[in-house]
Amino acid sequence: MSELTIDRVQTAILDVPLVRPHRFARTGMEAQPLLLVTLTTRGGVSGTGEGVVPGGPWWGGESVETMQLIIEKYLTPLLIGRRVDDIAGIQQAMNDVVNNNLYAKAAVEVALHDAWARNLCVPVHTLLGGLARTSIPVTWALGTESAAEVIAEAQGKLDAGLHTSFKLKMGAQEPAADVARVTEVAQKLSGVAGVRVDINARWDLLTSLQWLPRLAEAGVELVEQPVPGNEVEWLAEINAALPIPVMADESLRTPSDALRLVKLRAADVFSLKTTKSGGLRYTRAITEIAAAAGIPCHGGTSIEGPIGTAASLHLACALPGVTWGSELFGPLLMREELLTEPLRYADGALHLPDGPGLGVELDPSAVARFTRA
Ligand SMILES: [Mg+2]
């Protein structure tokens with residue numbers, strides 16, 4: 001038996017209130033649920049990962065409740081007694097017992113990296129190959145509200161020097177009205193800030209071919225995932241038709257997805273999320289396929305809390321190919337701080353913390369306050 005052997009696995013669901021309600025195409029949230037997964041080794045060192053989806057199961061079918069069940073009933077028994085540095089072996093064992101459920105597996109995989117790195121007294125990025133950068137630019141996500149509200153929020157962020165790039169969620173309204181709304185925002189922010197849109201897979205091929213060129217004309221600089229994740233051929237057709245880059249998100253969860261997107265030239269940019277892809281290592285595998293195809297990557301978010309954001313930040317800082325910035329704004333959307341020392345956002349970027357593991361420490365009293373009864 002080793003000091004690195006996993007002795008205990010604990011989970012807790014937190015509901016963290018947001019600074020403002022966050023709207024997606026068909027749903028919204030006023031608090032973000034987070035699942036914390038903590039592994040404790042025989043040597044007494046713990047590592048934590050976060051299971052998180054954007055507001056509910058609409059994106060990928062998982063929720064904090066399904067993750068908690070999968071981890072407690074099916075993954076915990078195979079973790080106990082194994083070493084935290086046996087990550088490839090544990091991933092294989094998890095895949096043998098549970099199909100898909102990549103968000104749940106990501107929470108465990110990040111906790112393994114955190115615990116192993118803390119045992120070695122090194123940061124998680126060291127386990128990922130070392131640093132390519134020490135900070136990453138952060139785009140702010142604007143919701144589906146009216147143009148006036150969205151412009152006011154963007155202006156506030158610009159005035160405060162917090163962000164110079166914005167992503168708008170689309171798909172909540174009819175395309176004509178939605179395009180008119182985004183056109184107004186893009187024209188207002190033209191020359192001052194970059195504007196990107198995320199349609200979250202809500203349009204079909206014809207709607208996309210009809211309306212996306214107008215967004216390009218209005219100055220929108222990038223279009224994220226207009227069509228459903230499975231419709232990679234549609235995405236390829238749209239990408240060929242548009243003068244601006246198309247970014248894949250829902251269509252990109254596994255390294256095989258990345259290969260398929262590359263073969264069809266279906267996207268010019270890949271949105272990476274540690275969460276949707278089952279953890280740090282599978283996400284890194286995606287970036288290696290992207291690099292071989294000359295496709296840059298962007299650090300996407302599932303609106304992680306500080307643990308999940310720190311994990312994605314370590315990865316984004318370790319991967320040379322993440323040259324399209326990030327949207328790692330999750331903690332900024334949360335009204336309450338969960339860390340003893342907050343993550344540092346400055347100059348439009350998120351800066352890598354120092355310290356072993358993920359380099360962040362949870363504040364136990366804050367965690368207790370938001371833990372679901
Ligand atoms: Mg997206």
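I will go from the domains to the core, then to one residue, and end with some strands and a helix.

First, the ground rules. This is a predicted model, where local features need pLDDT of at least 70, side-chain atom pairs count only at pLDDT 80 or more, and totals for chains, interfaces and linings use all residues. Residues are numbered from 1 along each chain as its sequence is written.

Now the domains. The chain is divided into domain 1 (6-121 + 365-370) and domain 2 (127-358), with bounds that come from an automatic or database domain assignment. Their C-alpha centres lie 22 Å apart. Across the boundary, 35 residues of domain 1 are in contact with 34 residues of domain 2. In contact means that the C-beta atoms of two residues, placed from the backbone, lie within 7 Å. Which elements give two or more residues to the side of domain 1 that touches domain 2? They are β1 (6-23), β2, β3, α3 and α13 (364-370). Of these, α3 gives the most, with 11 residues. Helices (H or I, at least four residues) and strands (E, at least two) are DSSP runs, numbered from the N terminus.

Next, the core. A nonpolar core is a set of buried Ala, Val, Leu, Ile, Met, Phe, Trp, Tyr and Cys residues joined through C-beta atoms within 7 Å. Buried means that 20 or more other C-beta atoms lie within 10 Å of a residue's own; exposed means 12 or fewer, partly exposed is in between, and C-beta atoms are placed from the backbone. The largest nonpolar core has 107 residues, and A107, V108, L168, V182, L235, A267 and F270 touch the most other members. Helix α3 (residues 102-120) gives the most to this core, with 12 residues. The core draws at least three residues from each of domain 1 and domain 2. As for L235, leaving aside neighbours within four places in sequence, its contacts are V227, V246, A248, S251, A266 and A267.

Let me stay with α3 and pick L112, which is found in that helix. Is L112 buried or exposed? L112 is buried, because 27 other C-beta atoms lie within 10 Å. With neighbours within four places left aside, L112 is in contact with L39, G47, V84, I87 and I90. The C-alpha atoms of L112 and T41 are separated by 10 Å, although the two are 71 residues apart along the chain.

On to the strands. Two strands pair if DSSP finds at least two bridges between them. Strand β2 (residues 28-41) and β3 run antiparallel and are joined by six bridges. One of the bridge pairs is T38 with T48 in β3. Four residues lie between the strands of this hairpin, where G44 takes a positive phi near 90°. Five of the six residues of β3 (residues 46-51) are buried, so this strand is largely enclosed by the rest of the structure.

There is also an open sheet of three strands, in the order β4-β13-β12, with antiparallel pairing. Its edge strands, β4 (135-137) and β12 (344-346), each pair on one side only. Three bridges join β4 to β13 (residues 349-351), and P137 stands opposite A349.

Last, helix α5 (residues 147-159). The expected span of a helix is 1.5 Å times one less than its number of residues. For the 13 residues of α5 that gives 18 Å, and the end C-alpha atoms are 18 Å apart, which agrees. After α5 comes G161, with a positive phi near 70°.
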